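Trainee: Can we go through this model together? I'd like to know what stands behind each label before I use it.

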Amino acid sequence: MVLGIIWALVSSTMGWSAFTINWIDPFGTIFINLLKLIAVPLVLFSIISGVANIGDPSSLGRMGGKTLLIYLVTTILAISLGLLLVNTVKPGELIDKQSRIDNRINYEIWADSQGYQIKDGINYLKDPKFFKRAQEISDLTKKDLREVSVSDKIETAGKQKESTPLQPLVDIVPDNFFYALSNNGLMLQIIFFAIFFGVCLLFIPDDKSGPVLKLVDGINEVFLKMVDIVMQAAPFFVFALLAGVVSKMAGNDIGKVIEIFKGLSWYSLTVLSGLLIMIFVTYPLILKGFVKRIPYAGFFKAMSPAQTLAFSTSSSAATLPVTMECVEQNLGVNKKISSFVLPIGATVNMDGTSLYQAVAVIFLAQLHMIDLTIGQQLTVVMTTTLASIGSAAVPSAGLVMLIIVLDSVGLNPAWIAIIFPVDRILDMFRTVVNVTGDATVCSIIADGENMMDYKDHKSPTETFDLDS
């Protein structure tokens, strides 16, 4: 990653952008293709597994319904907070305007090559004054650029005529599941099928559903291992991807490289602000509204061992045993509650990841002068909420899910290279948010079921065995 940044600076200074694009960037494209290859089946089988492993629907009762509802509410709150911050701060607009115009032209050319509709209905390429600039930053002729502009306008007009008020709802339900699998832009349809399939598994006898569930879990493990193997080579791939994307966006202009990283700094501050607000404001307020007996400082003192481990491992799954012990011993939650609520949370509650994805998508859109409408941002909310169910509780899994969210609104998945340099540190904070949210929901459910016996401890380590 650091080498990618250094190479981007050296490449722009020395005029090596053509070499970078021809000989280094293809490896970044391979990386994106591998992640896209894994992302769709990973989401499919993760969601089926997550829903089906909830257990017998008749035994879930009130507690299961409350758990899933509160997790859903906190996820929507996290995404809404992220959208509020990114639309207020506008980190993607805090860079040089000419750089953003060039990004926009590149986006329109890419969208046409991929058959995507321009999302905000504006087409810079239909303005003759941008033709010369478009030719400078691409290999297309004026005729090619004009064809891009005309074809996009025709497609947009045709789709507008056919749309109805409930068209977004219609678009969620697939008429051909296998076609949806082959089109990353139809991720909501895949998520719908996965949830429907998982729910149906809950309503058939165990002797019938058991083998299917074992198969699904097994396939899910295979795809998680594929992610693990691909991420082993991530340092090289990230170098290639970052160097290629920056070279395409900045060319041989070192000033544009600096502008990109300036925007990245504002993006990082926006995401970090949202994550810290979730940890220190949103969760304590929710907890105080339902559980009066746990003081503000007492909650963080009780959960500090789990939060520290979450920060260091960036994995909700690896932190789960510690989270359970903190919740049971330091917050006094009954084991019956913690053993039910927390594993579900590790699967479906990815508040930090959801907030980051929402901010990242809008930031990348702003960076390319794409003005997403309220409806398109609601699509981001819906896709992010549902995709969070399939966000495996392992380091950087959210990055794979971000590809899904970008595809859902017709944006270039390769843009994830722009935010790669700061992903690891933000991933650590995201995991702390996820673990804190799990503990908050678990405490609320336990108090509501009268299965909590909180006693303030002077030090959480007195009742917490790190070796267990």
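Predicted model: local features only at pLDDT ≥ 70, side-chain atom pairs only at ≥ 80, totals over all residues.

Trainee: Then how confident is the predictor in the chain, going by mean pLDDT?

Mentor: The mean pLDDT is 79, and 80% of the residues reach 70 or more. Residues 140-158 are below 50, though that stretch has 29 contacts in the model beyond near neighbours in sequence. Residues 462-468 also have a pLDDT below 50, with 11 such contacts.

Trainee: Okay, on to salt bridges. What makes Arg104 and Glu108 a salt bridge?

Mentor: Their closest N and O atoms are 2.8 Å apart, and the cut-off is 4 Å, so the pair qualifies. Both residues lie in helix 4, 4 residues apart, or about one turn of the helix.

Trainee: Is that pair buried or exposed, and how do you know?

Mentor: Buried means under 20% relative accessible area. Arg104 is at 0%, so Arg104 counts as buried. Glu108 is at 1%, so the same label applies to Glu108.

Trainee: How many salt bridges does a search of the whole structure find?

Mentor: The search finds 6. One of them joins Arg430 and Asp427, at 3.1 Å from N to O. These two are 3 residues apart in helix 20, which spans residues 423-448, so about one helical turn separates them. Arg430 and Asp427 are both buried. Salt bridges with shared partners also tie Asp423, Asp427 and Arg430 into one network.

Trainee: Why is Asn434 called buried?

Mentor: Because its relative accessibility is 3%, and the label needs a value under 20%. Setting aside residues up to four places away in sequence, Asn434 touches Ser316, Asn349, Met350, Asp351, Gly352 and Thr353.

Trainee: And why is Lys455 called exposed?

Mentor: Lys455 has 52% relative accessibility, and exposed means over 50%, so the label holds. Lys455 forms a salt bridge with Asp453, where the closest N and O atoms are 4.0 Å apart.

Trainee: Now the rings. Why is the pair Phe177 and Phe193 called stacked?

Mentor: The angle between their planes is 25°, and planes under 30 degrees apart count as stacked, so that's the label. Their centres are 3.8 Å apart. The structure holds 15 aromatic pairs. This one links distant parts of the chain: Phe177 is in helix 8 (residues 177-181) and Phe193 is in helix 9 (residues 187-202), 16 residues apart.

Trainee: How do the labels for Phe177 and Phe193 come out, buried or partly exposed?

Mentor: Phe177 has a relative accessible area of 17%, so Phe177 is buried. Phe193 is at 24%, so Phe193 counts as partly exposed.

Trainee: What makes Phe236 and Phe237 a tilted pair?

Mentor: Their planes are at 50°, and tilted is what remains between stacked, under 30 degrees, and edge-to-face, over 60. Phe236 is partly exposed at 43%, whereas Phe237 is buried at 12%. Together with Phe27 and Phe31, they form one aromatic cluster.

Trainee: How many residues are in the largest nonpolar core?

Mentor: That core has 127 residues, and those with the most contacts inside it include Tyr267, Met303 and Leu331. Helix 2 (residues 17-52) gives the most to it, with 14 residues. Beyond its neighbours within four places in sequence, Leu331 contacts, among others, Ile294, Phe299, Met303 and Tyr454. A second, separate core of 7 residues includes Ile101, Tyr124, Leu125 and Met369.

Trainee: Last one: why does Phe130 count as buried?

Mentor: Because its relative accessibility is 14%, and the limit is 20%. Phe130 is in the loop between helix 4 (97-114) and helix 5 (131-136). Not counting residues up to four places away, Phe130 touches Ile101, Ile105 and Tyr124.

Technical notes
Residues numbered from 1 in each chain as written. Heavy atoms only, no water. Buried < 20%, exposed > 50% of the residue type's maximum accessible area, 1.4 Å probe, protein only. Contact = heavy atoms within 4.5 Å. Salt bridge = Lys/Arg side-chain N within 4 Å of Asp/Glu carboxyl O. pLDDT = per-residue confidence, 0-100. Phe/Tyr/Trp six-rings, centres within 6.5 Å; stacked < 30°, edge-to-face > 60°. Core = buried A, V, L, I, M, F, W, Y, C linked by side-chain atoms within 4.5 Å.
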